[in-house]
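Here are my notes on this one, written for someone opening it for the first time. Have a look around before reading on.

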Amino acid sequence: KAQADPLIVEKQPWSQFLGAGVDEAPYGMPSKFEAHVRRQDVPWLTADPISSVNFTPLHELDGIITPNGLCFERHHGGVAEIAPQDYRLMINGLVDRELVFTLEDLMRFPRENHVYFLECAANSGMEWAGSQLNGCQFTHGMIHNVMYTGIPLRLLLEEAGVKTTAEWLLPEGADASGMTRSIPMEKAMDDCLVAFKMNGEALRPEQGYPVRLVVPGWEGNMWVKWLRRIEIGDQPWHHREETSKYTDLFANGKARRFTWEMDAKSVITSPSPQKPITHGPGPMVLTGVAWSGRGTIPRVDVTIDGGINWHQARMSGPSFDKSMHRFYYDFNWDGKPMLLQSRAHDSTGYVQPTKDALRAVRGENSIYHNNSIQTWAVNEQGVAENVEIS
Ligand code: MTE
Ligand code: CO
């Protein structure tokens, strides 16, 4: 007969004494046992935390929604602190009426709710030349997936009355970096949101409180935070973030620019270097996330032998346009080493490429838009490592 489990047969402290009351945490926090689930930076990546990035702990999350406190942050000039009463949004340039909105003015426009991923174009950028960072938090964690409440940008533009010559917009941030990007009018009129809520509550300061621009499916850099002004023009502005940055240098020295859409991509979040297998051979759950800036993810394939055999993963959870999708592959691990990969198919029929296939087209000078297949090598102990196979 097995030894009786003291956690079952003996009375434990949590059932002997009364617990904390309802007002212990007016704004609730995660369990203290989850303190390791946190955003993290890579100190050597940037010289200063004020113009830096930290990463979403994808390996600890499940489902498709990123909790607000775990959304990665990318600031070029630190977090702007703007009181709601001091907030203004200006629309100027090629419009019939130049307008300035207060936050209260914005609250009187019809609003919508949508779940979208935001991925920095530099996500996985450190992996171009070879596998480098040991964990999906660092290789793929410049992404979050949030339900936004916001006003269709189209409604604000209609209020201002865009002139027939208007072709481009320049959103500008109120932070010290004064970030700007040129956005074509067609996108603005299609699905951009001027958002003020994330996952039901006010935007977090790190995410642009009180108002940010949401540019579904397009690179995170365009999602201007602390949005203060939208200029309307007839040409792109060719500012820093669309010339020296966020362009892709090819092997022949030419550079691609205005590469706005984020290509279909996926990653296995568990097991992964920060989330080893701890339970030995037998039944196990492999899981990950996939997304595409061009639609939904109807299918993800998974291999555990480095691409010799592929298995169709089980998609679970809602499938929203330009949102993260969750996949699972439930199998019996034989305890032998594995080479894990996932491969996303998006609703346009596009299939996520291998690293070699992507490099064949793009060369090795790029930082941005690396959507290639990631490999984790798992050993007999269940320890996972970032590797590259060809
Ligand atoms: N907007 C402003 N005003 N200032 C910034 O530094 N960073 C951009 C974009 N919008 C930035 C900004 C970049 S490069 C990215 S990837 C996203 O915001 C990051 O959004 P997040 O901090 O919510 O993750
Ligand atoms: Co970015």
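The points below go from the whole chain down to single residues.

1. Ground rules. This is a predicted model, so to speak of local features I need pLDDT of at least 70, and side-chain atom pairs count only at pLDDT 80 or more, while totals for chains, interfaces and linings use all residues. Residues are numbered from 1 along each chain as its sequence is written, and chains are lettered from A and ligands numbered from 1 in the order in which they are written.

2. Confidence. The pLDDT (the predictor's confidence in each residue, from 0 to 100) averages 97 over the protein, and 100% of the residues score at least 70. For the model as a whole, ipTM is 1.00 and pTM is 0.97.

3. Overall build. You'll find seven helices and 24 strands in the protein. Both are DSSP runs numbered from the N terminus: helices are H or I with at least four residues, strands are E with at least two. The C-alpha trace spans about 85 × 65 × 40 Å along its principal axes.

4. Burial and contacts. Of the 390 residues, 39% count as buried. Here a residue is buried if 20 or more other C-beta atoms lie within 10 Å of its own, exposed if 12 or fewer, and partly exposed in between, with C-beta atoms placed from the backbone. Take the contacts between residues at least 6 apart in sequence: 70% of them join residues at least 24 apart. A contact means that the two C-beta atoms, placed from the backbone, lie within 7 Å.

5. The five-stranded sheet. This open sheet has mixed pairing and the order S5-S4-S13-S8-S9. Strand S5 (99-102) and strand S9 (183-184) stand at the edges with a single partner strand each, so one side of each has no neighbour in the sheet. Strands count as paired if DSSP finds at least two bridges between them. S4 (residues 88-93) runs antiparallel to S5, and four bridges join them; Ile91 has Leu99 in S5 as its bridge partner.

6. The three-stranded sheet. Another open sheet, with antiparallel pairing, has the order S1-S2-S3. Its edges are strand S1 (40-41) and strand S3 (74-75), each with a single partner strand, so one side of each is left without a neighbour in the sheet. Two bridges hold the antiparallel pair of S2 (residues 52-55) and S3, and Ser52 has His75 in S3 as its bridge partner.

7. S16 and S17. Strand S16 (residues 265-270) is mostly covered, with six of its six residues buried. S16 pairs with S17 (residues 282-291) in the antiparallel sense over five bridges, and the partner of Ile268 in S17 is Gly288.

8. As background, most residues other than glycine have a negative phi, and most peptide bonds are trans. In this model the bond from Ser270 to Pro271 is cis, with omega near 0°, and Pro271 is in the loop between S16 and S17. The bond from Tyr209 to Pro210 is cis too, with omega near 5°; Pro210 belongs to the loop between S11 (201-202) and S12 (212-214).

9. A loop to look at. His238 sits in the loop between S13 (227-233) and S14 (248-249), and Tyr246 is in the loop between S13 and S14 as well. His238 has a positive phi, near 55°, and so does Tyr246, near 55°. Which of them is buried and which exposed? His238 counts as exposed, with 9 C-beta neighbours inside 10 Å, whereas Tyr246 is buried, with 23 other C-beta atoms within 10 Å.

10. Around ligand 1. Which residues come nearest to ligand 1? Of the 21 around it, they are His76, Cys120, Gly173, Gly220 and Lys225. A residue is near if its C-beta atom, placed from the backbone, lies within 6 Å. The shell has eight nonpolar, eight polar and five charged residues. Nonpolar means Ala, Val, Leu, Ile, Met, Phe, Trp, Tyr, Cys and Pro; charged means Asp, Glu, Lys and Arg; the others, Gly among them, are polar.
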